[in-house]
Amino acid sequence: MGDPLTAAKHVRQALKPDGTWLVVEPAAGDDIASNLNPVGRVYYSFSTMLCVPNALSQPGGYSLGAQAGEAAIRQVATDAGFTRFRRAAETPFNIVYEIRP
């Protein structure tokens, strides 16, 4: 996504005051060391070949990088005006974040 902050702001404006935004992201840690496992290595290769170039080719010029961990996702949500953020579920492959106004 070329402009995740604008997308998050749009979601925030579209939600009712008691609404919930569920975000499903690839399982990623906040630093390289926590992503050096079989799943993280596969995600780094996919992201390097597909996600980052795609994001940088879109208007906005802002990319979360090859592996956006929880801190990066939380920062985008906070910057968009959300006040509640939690990890709702996870598997070895994905993490589900519950984000609320």
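**Exercise 1: A residue and its contacts**

Task: Determine which residues Ile95 touches, not counting residues up to four places away in sequence.

Solution. Step 1: Ile95 touches Val23, Val24, Glu25, Pro26, Ala27, Ala28, Arg87, Ala89 and Glu90, with residues up to four places away in sequence not counted; contact means heavy atoms within 4.5 Å. This is a predicted model, in which local features need pLDDT of at least 70 and side-chain atom pairs count only at pLDDT 80 or more, while totals for chains, interfaces and linings use all residues. Residues are numbered from 1 along each chain as its sequence is written, and side-chain values use heavy atoms, with hydrogens and water left out.

Step 1: Ile95 lies in strand β3; helices (H or I, at least four residues) and strands (E, at least two) are DSSP runs, numbered from the N terminus.

Step 2: One of the contacts, Pro26, is 69 residues from Ile95 in sequence, yet the two C-alpha atoms are 6.2 Å apart in space.

Step 3: Ile95 counts as buried because its relative accessible area is 3%; buried means under 20% relative accessible area, exposed over 50%, and partly exposed in between (1.4 Å probe, protein chains only).

**Exercise 2: The sheet**

Task: State in which order the three strands of the open sheet are arranged.

Solution. Step 1: The order is β1-β3-β2, and the pairing is antiparallel; two strands pair if DSSP finds at least two bridges between them.

Step 1: β1 (21–26) and β2 (84–90) are the edge strands, each of which pairs on one side only. Neighbouring strands are turned by 25° against each other on average, direction ignored; axes are lines fitted to C-alpha atoms, for helices over the stretch in contact, and angles run from 0 to 180 degrees between N-to-C directions.

Step 2: Six bridges link β1 with β3, and six join β2 to β3 (residues 94–100). In β3, Asn94 is the bridge partner of Pro26, Val96 stands opposite Ala89, and Ile99 stands opposite Phe85.

Step 3: Helix α3 (residues 70–79) lies across β1, β2 and β3 and runs at about 140° to β2.

**Exercise 3: Buried or exposed?**

Task: Decide whether Ile99 and Gln67 are buried or exposed.

Solution. Step 1: Ile99, found in strand β3, has 1% relative accessibility and therefore counts as buried. Its contacts beyond four places in sequence include Trp21, Val23, Ala77, Phe82 and Phe85.

Step 1: Gln67 lies in the loop between α2 and α3. Gln67 is also buried, because its relative accessible area is 14%. Beyond its neighbours within four places in sequence, Gln67 is in contact with Ala27, Ala28, Gly29, Asn35, Gly40, Tyr43 and Tyr44.

**Exercise 4: The largest pocket**

Task: Find which element gives the largest share of the lining of the largest pocket.

Solution. Step 1: The largest pocket holds about 560 Å³ of space. Among its 27 lining residues, the closest to the centre are Met1, Glu25, Leu64, Ala68 and Ile73. On a 1 Å grid over the protein atoms alone, a pocket is an open set of points with protein on both sides within 12 Å along at least five of seven lines, where a 1.4 Å probe fits; lining residues have an atom within 4 Å of a point.

Step 1: The elements giving two or more residues to this lining are α1 (4–14), β1, α2 (38–57) and α3. The largest share, seven residues, comes from α2.

Note on methods. Grid points are joined across faces, edges and corners, and a volume is the space filled by probe spheres set on the points.
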